[in-house]
Amino acid sequence: MRHPEPGEWTSEQYSRGKVASYKPFNFVDGEGVRNSLYVSGCLFACAGCYNKVAQSFSYGECYTPELEERILKDLEPVYVLLASDEGSYITGQIYGETGGQNIGL
């Protein structure tokens, strides 16, 4: 496994705007109903990675305005959990329920 220094790996260097998978109304990634967006690319190269194909920044489909609209529409139901103790497993941010409205993040 690689261990980068802070700021060593930036999205500007690596990201190609690809989505490995989008799973609406998911029950797997925590409590409640949530929509999960899995982005492509990982430089950690963990031993035993269960999703090696998604380590490539070229893997998947491009993030498009159409996908964004679908995601926002899927977030409208009140039962979709947007605020959780886990927040984002990458950034730790916690987002409040917006009723599917784009809040410009």
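Predicted model: local features only at pLDDT ≥ 70, side-chain atom pairs only at ≥ 80, totals over all residues.

Residues are numbered from 1 along each chain as its sequence is written, and side-chain values use heavy atoms, with hydrogens and water left out.

The protein chain contains two helices and three strands, and from the N terminus on these elements follow the order α-β-β-β-α. Helices (H or I, at least four residues) and strands (E, at least two) are here DSSP runs, numbered from the N terminus. Of the 105 residues, 20% count as buried, where buried means under 20% relative accessible area, exposed means over 50%, and partly exposed lies in between, with a 1.4 Å probe and protein chains only. The chain exposes about 7,700 Å², of which carbon and sulfur atoms supply 55%; accessible areas come from the Shrake-Rupley method with a 1.4 Å probe, and for residues only the protein chains shown count as cover. Among contacts (heavy atoms within 4.5 Å) between residues at least 6 apart in sequence, 49% join residues at least 24 apart.

Helix 2, which spans residues 65–74, has L67, I71, L72 and D74 as buried residues. Seen down the axis of helix 2, these buried residues fall within an arc of 160 degrees, so they line one face of the helix; the arc is that of the directions from the helix axis to the C-beta atoms. The buried residues of helix 2 pack against strand 1 (18–26) and strand 2 (34–39), while the face turned away from the buried side carries the exposed residues P65, E66, E69 and K73.

Two salt bridges are counted, a salt bridge being a side-chain nitrogen of Lys or Arg within 4 Å of a carboxyl oxygen of Asp or Glu. One of them joins D74 to R70, with the closest N and O atoms 3.6 Å apart; D74 and R70 are four residues apart in helix 2, which means that about one helical turn separates them. D74 is buried at a relative accessible area of 12%, whereas R70 is partly exposed at 44%. In another salt bridge, the side chains of E76 and K73 meet at 3.2 Å, N to O; E76 counts as partly exposed at 37% relative accessibility, and K73 counts as exposed at 54%.

On the surface, L37, V39 and Y63 form a nonpolar patch with about 270 Å² of accessible area together. Patches are made of residues with over 30% relative accessible area and no salt bridge, with like charges joined within 9 Å and nonpolar side chains (Val, Leu, Ile, Met, Phe, Trp, Tyr) within 5 Å.

What does a search for disulfides, meaning pairs of cysteine sulfur atoms within 2.5 Å, find in the whole structure? The search finds zero disulfides, and for C46 the nearest cysteine sulfur, that of C42, is 5.8 Å away. C46 is partly exposed at a relative accessible area of 30%, and C62 also counts as partly exposed, at 43%.

C46 is placed in the loop between strand 2 and strand 3, and, not counting residues up to four places away in sequence, C46 touches M1 and Q55. C46 and M1 are 45 residues apart in sequence, yet their C-alpha atoms are 4.7 Å apart in space. Q55 is found in the loop between strand 2 and strand 3 (61–62) and counts as buried at 19% relative accessibility. Leaving aside residues up to four places away in sequence, Q55 touches G41, C42, A45, C46 and C49.

Most residues other than glycine have a negative phi. F25 is not a glycine, although its phi is positive at about 55 degrees; F25 lies in strand 1 and counts as partly exposed at 32% relative accessibility. A45, a residue other than glycine, has a positive phi near 55 degrees; A45 lies in the loop between strand 2 and strand 3 and counts as partly exposed at 35% relative accessibility.

Methods: Disulfide = S-S within 2.5 Å.
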